[in-house]
Amino acid sequence: MINEALFYGLVLLSAATSLLTAVAGAGGGAVLIGVMALVLPGSAVIPVHGLVQMGSNVGRTGLSWKHIHWPTVAWFVPFGLLGTFIGSLLLVQLPTHFLQITIALFLIWLTWGPKLPQSFRGRAGLVGGGLVTGFISLFVGASGPLVAAFVKARFSQRMQTVATFSAVMTMQHAPKALVFGMAGFVFQDWLPLVLAMIAAGFAGTWIGLHWLKKITDQRFDQLFRLIITLLALRLLWVALEPFVPALTSITS
């Protein structure tokens, strides 16, 4: 297990990252898993992160319930799960760096490119978006930024964007507990940390949503674009970093 200082450090981080997601619309989960990967055993990172994120999204969904666009949730989530299932059957083996670059460019396009055409905003767009993000998430893990960018491209109102994203991610994280439980992961050993991080995340979400109500849709759009762009650039760097020494030797 972990020492007391790390325990409380992760609890505070959970509050801070939940606040970030509530205010900016995305990014908290990516920051959290990045830190957890550095300080927790590898076998615990994804299941613990999944449970904490599910709790955080449940809290954010509950606090923003009246703003959720349910047709988006109803169509997007089932096909997202179907996309993941299809990916597991195909067992596609694609280079990790290729997927990272593709997703980074897709994030930038969704964030800075032209608005989605009207046809893409209907059921066909939701089906396609669910299938694509669900399929990709099987190979890259955290799908939050991709889902957030897709949801944001459909809505201009900040509360509706955050609420709908939270509802979608709640249902995407929920199956993880079952999957890892069946695989033998002992959640009981990590339950105190998980519960404390969920409680802190709820507090961070509550504060963040209150801040969100005070900012304009324009300011939210700016924050969202900044967070997603930084995540996309980080993804590009991670993908290209292994090739830097080779490029350096060629140019020298």
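This report walks through the helices, cores and packing of a predicted model.

Residues are numbered from 1 along each chain as its sequence is written. Because the model is predicted, local features need pLDDT of at least 70 and side-chain atom pairs count only at pLDDT 80 or more, while totals for chains, interfaces and linings use all residues; side-chain values rest on heavy atoms, with hydrogens and water left out.

## Overall layout

Let's start with the whole chain. The protein chain has 11 helices and zero strands, where helices (H or I, at least four residues) and strands (E, at least two) are DSSP runs numbered from the N terminus. Along the sequence the pattern reads α-α-α-α-α-α-α-α-α-α-α. Of the 252 residues, 45% count as buried, meaning under 20% relative accessible area, with exposed over 50% and partly exposed in between (1.4 Å probe, protein chains only). Among contacts (heavy atoms within 4.5 Å) between residues at least 6 apart in sequence, 82% join residues at least 24 apart.

The unreviewed UniProt entry lists residues 31–52, 73–92, 98–114, 126–151, 190–211 and 223–240 under "transmembrane region". Such annotations may be inferred rather than shown by experiment; positions are given in the numbering used here, and feature names are shortened. In the model, residues 31–52 are 91% helix and 0% strand, with end C-alpha atoms 13 Å apart. Residues 190–211 are 95% helix and 0% strand, and there the end C-alpha atoms lie 31 Å apart.

## The nonpolar cores

A nonpolar core here is a set of buried Ala, Val, Leu, Ile, Met, Phe, Trp, Tyr and Cys residues joined through side-chain atoms within 4.5 Å. The largest one has 37 residues, and Leu-107, Val-147 and Leu-212 have the most contacts inside it. Two or more residues come from each of helix 1 (4–24), helix 4 (70–90), helix 5 (96–112), helix 6 (123–140), helix 7 (144–154), helix 8 (158–182), helix 9 and helix 10 (217–240). Helix 10 gives the largest share, eight residues. Apart from this core lies another, of 19 residues, among them Val-11, Met-36, Val-48 and Val-52.

What does Leu-107 touch? Leaving aside residues up to four places away in sequence, Leu-107 of helix 5 touches Pro-145, Leu-146, Ala-149, Ile-228 and Ala-232. Its C-alpha atom is separated by 9.6 Å from that of Leu-233, 126 residues apart along the chain. With the same exclusion, Leu-212 touches Ala-22, Val-23, Arg-158, Met-159, Val-162 and Phe-220.

| Residue | Relative accessible area | Helix |
|---|---|---|
| Leu-10 | 2% | helix 1 |
| Leu-107 | 3% | helix 5 |
| His-49 | 5% | helix 3 (42–63) |

Leu-10 touches Ile-2, Met-36, Val-39, Leu-40, Leu-193 and Met-197, not counting residues up to four places away in sequence. Leu-10 and Leu-193 are 183 residues apart in sequence and 8.2 Å apart in space, C-alpha to C-alpha. For His-49, again not counting residues up to four places away, the touching residues are Gly-29, Leu-32, Ile-33, Met-36 and Ala-44.

## Helices and how they pack

Helix 9 (residues 191–214) has 24 residues and reaches 35 Å between its end C-alpha atoms, close to the 34 Å expected; the expected span is 1.5 Å times one less than the number of residues. Its buried residues include Leu-193, Met-197, Ala-200, Gly-204 and Gly-208. An α-helix has 3.6 residues a turn, so residues three or four places apart point the same way.

Helix 3 and helix 9 pack at about 35°, with axes 9 Å apart. Axes are lines fitted to C-alpha atoms, for helices over the stretch in contact, and angles run from 0 to 180 degrees between N-to-C directions. Among the contact residues are Val-48, Gly-55 and Gly-59 of helix 3, and Val-194, Thr-205 and Trp-206 of helix 9.

Helix 7 is mostly covered, with 11 of its 11 residues buried. Helix 7 packs against helix 10 at an angle of about 145°, their axes 11 Å apart. The contact is made by Pro-145, Ala-148, Ala-149 and Lys-152 of helix 7 and Phe-220, Asp-221, Phe-224, Ile-228 and Leu-231 of helix 10.
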